[in-house]
Amino acid sequence: MAISPETLGRRLREARVARGITQEAAGEAIGVPRTSIVHFEAGNRVLSTLQLAKLAEFYKHPIADFFSETDTAENAEEQVLVALRVDPQFQNDPQLQEEVSRCVNLCEEAVALEKLIGWTDQDTPPRYNLSEPRSRAEAAAQGAQIANDERRRLGLADAPIHVLADLISNQGIWVSGAELPNEMSGLFLHHPSIGMAILVNRKHPRPRKRFSFAHEYGHAVMDQNRSAIVSTSQNARDFGETRANAFAATFLMPDVGVRSFLASLDKGSTVRQMQVIYNNAGRQGTEAQTRAESGSQKLTYQVVASLSRYFGVSYQAAVYRLQDLGWINQTERQALLEHEVLGNDYLRLLQITDAIDDGQITDNAAGPRQDQELMERIVYLAIEAFRREEISSERLLDLADKLNVDGPMLVELAEAARQ
Amino acid sequence: MAAPARAPAVIDTSSLINFLKIDQAQLLSLHPAFSFFVTDHVRGEVTRRYQVQFERLEAALRTGHLKETTVDTIEELQAFAELTALKRFGVGECAAIAAAFHRNWTIALDDGNAIKLIRRLYPEIPTETTPSIVVALIRANVITLAQADSFRDEWAANHRFRLPFRSFAEIL
């Protein structure tokens, strides 16, 4: 049964007010005078499909929700935004809200495409039920333990993870770069209608983004009961964030992996090493002591730079991990951190610039787009849905508009996939 | 004797654009059975996606070869909203389908997937396509078979619209 014009009008007003938009601005956005908006909202006049679609887009509100039978329509975008508003920085940043809305909307599109092609039993990461940590040490221990469990579950052994975003995406989590404030490294979102999503700051250098992906993945396996978590420099010392940081460090740089890597550089053995050789004839052991050359086991900036490059993390992350694993003490950590510039210069010399995190913000203009992973996933799903005759080519064009990709090319590729 | 009144039909972007691309939108006004309407939504899509064809559409609307319609009853809006929630059609298509459904109009469109979906979801909506429109124009002596085949060739050669026959004679 159709709703009344008055109900539609009321919902239009509520959606507008929820976004803090004036009637004047709404009218301007869809090319009508303010008085038309007044009439629409009062239910005196019914708007057209074109006007409704434009208003829905402007209010970031699904068209269908204006006509739902109840007033409590499930709107992932709004609910996620509400959850994020507890963060004061988020509350005061309309651009950030816009960006999160855009990403959530893309996730909803992806979920809809998955449903159309019958992908309903996607893998999801396990949920580890952990007690609330009572100290930072306990939080760190929990994070490290779960990271090791996850590495085992995923069959990663002790090797570096090369394509981290793909690995997370294959666990049924949407991943995307996003335009976030500099001090914000990432966001974890969880809502029944989109599942889990991870957004990381697209402007951060690659090693830092990898750490953020791992950190947010830690939230995905340890904090699934939360609907939104913001990771910023301000909340980095919270127990939950400490736990996710410990997860990320262990997930990216497993203990045994670090040891093997150091050994491959002839580092990491103790200065004096006692060997006991079993003598089968005499049925006893013979002791032999070897002594490494003085200073040979010292971990220098170039070891740290090589380690950071090998595991795809920042120089700083590698230093802290070395201390965490007991390879260096606090004084050595400080000295190595002071040599970060040398470590980065060393990587520059080797022309491995994408491994450098020198604190500089990049615009990645020449690199892949910010939402590359999400865009690839949606394009794949859209072509598959078209091939299976579940969506029309005009729907493909609408999706192309949202993804900012070449629409006619997408249609052509989808048609080719059907042949 | 007055000519029999023609039935209204809403034409979607996928069919409309074929006639606009070969600059033959006026033929639509000569269809023996249908009077074609363009929704404001489809007009918006053509504006956004097809710059050259947009000017031709504006001319066709000015000269009355095509008429514009607005989809704006509460029932149509409800149907439109439900169609968008399916996430199977383009937004412009949703507006055209909602109009066809509530007004008992025919819908003209050439998107194979969309036609199959409409037949599955709304079997009561009659559909027309570019080939069926051209065939009706040939039968009504508005155009010749040779003209129709030249359109077919131009669509295939320049506009990536390929019909699965060599001549309209095969489907007359």
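A charge is taken to sit over a ring if NZ of Lys or CZ of Arg is within 6 Å of the ring centre and within 35 degrees of the ring normal. In the predicted model described here, B:Arg103 lies over the face of B:Trp105, at 4.9 Å from the ring centre. The model is a prediction in which local features need pLDDT of at least 70 and side-chain atom pairs count only at pLDDT 80 or more, whereas totals for chains, interfaces and linings use all residues; side-chain values use heavy atoms, with hydrogens and water left out. Residues are numbered from 1 along each chain as its sequence is written, with chains lettered from A and ligands numbered from 1 in the order in which they are written.

Chain A contains 19 helices and 6 strands, assigned as DSSP runs (helices H or I, at least four residues; strands E, at least two) and numbered from the N terminus. Of its 419 residues, 49% are buried, where buried denotes under 20% relative accessible area, exposed over 50%, and partly exposed the range in between (1.4 Å probe, protein chains only). The accessible surface of chain A amounts to about 20,300 Å², with 48% belonging to carbon and sulfur atoms; the areas come from the Shrake-Rupley method with a 1.4 Å probe, and for residues only the protein chains shown count as cover. Among contacts (heavy atoms within 4.5 Å) in chain A between residues at least 6 apart in sequence, 65% join residues at least 24 apart.

Helix H4 of chain A (residues 49-59) is largely enclosed by the rest of the structure, because 8 of its 11 residues are buried. The buried set includes A:Leu50, A:Leu52, A:Leu55 and A:Tyr59. Within chain A, the buried residues of this helix pack against helices H1 (5-18), H2 (23-30) and H3 (34-42); from chain B, helices H2 (40-49), H4 (74-86) and H5 (91-103) take part in this packing. H4(A) is followed by A:Lys60, which has a positive phi, near 55 degrees.

A nonpolar core is a set of buried Ala, Val, Leu, Ile, Met, Phe, Trp, Tyr and Cys residues joined through side-chain atoms within 4.5 Å. The largest such core has 79 residues, and A:Val100 and B:Leu16 have the most contacts inside it. Helix H7 of chain A (residues 94-116) supplies the largest share of this core, 10 residues. Apart from it lies another core, of 49 residues, among them A:Ile146, A:Tyr217, A:Phe311 and A:Leu336. Residues touched by A:Val100, not counting those up to four places away in sequence, include A:Val80, A:Phe90 and A:Leu199.

Rings of Phe, Tyr and Trp (its six-membered ring) pair if their centres lie within 6.5 Å; planes under 30 degrees apart count as stacked, over 60 as edge-to-face and the rest as tilted. The structure holds 16 aromatic pairs over all chains. The rings of A:Phe261 and A:Tyr310 are stacked, because their centres are 4.6 Å apart and their planes are at 25 degrees. As A:Phe261 lies in helix H12 (residues 255-264) of chain A and A:Tyr310 in helix H13 (residues 301-311) of chain A, the pair ties together parts that are 49 residues apart in sequence. A:Phe261 counts as buried at 11% relative accessibility, whereas A:Tyr310 is partly exposed, with a relative accessible area of 36%. In chain B, ring pairs link B:Phe19, B:Phe151, B:Trp155 and B:Phe161 into a cluster.
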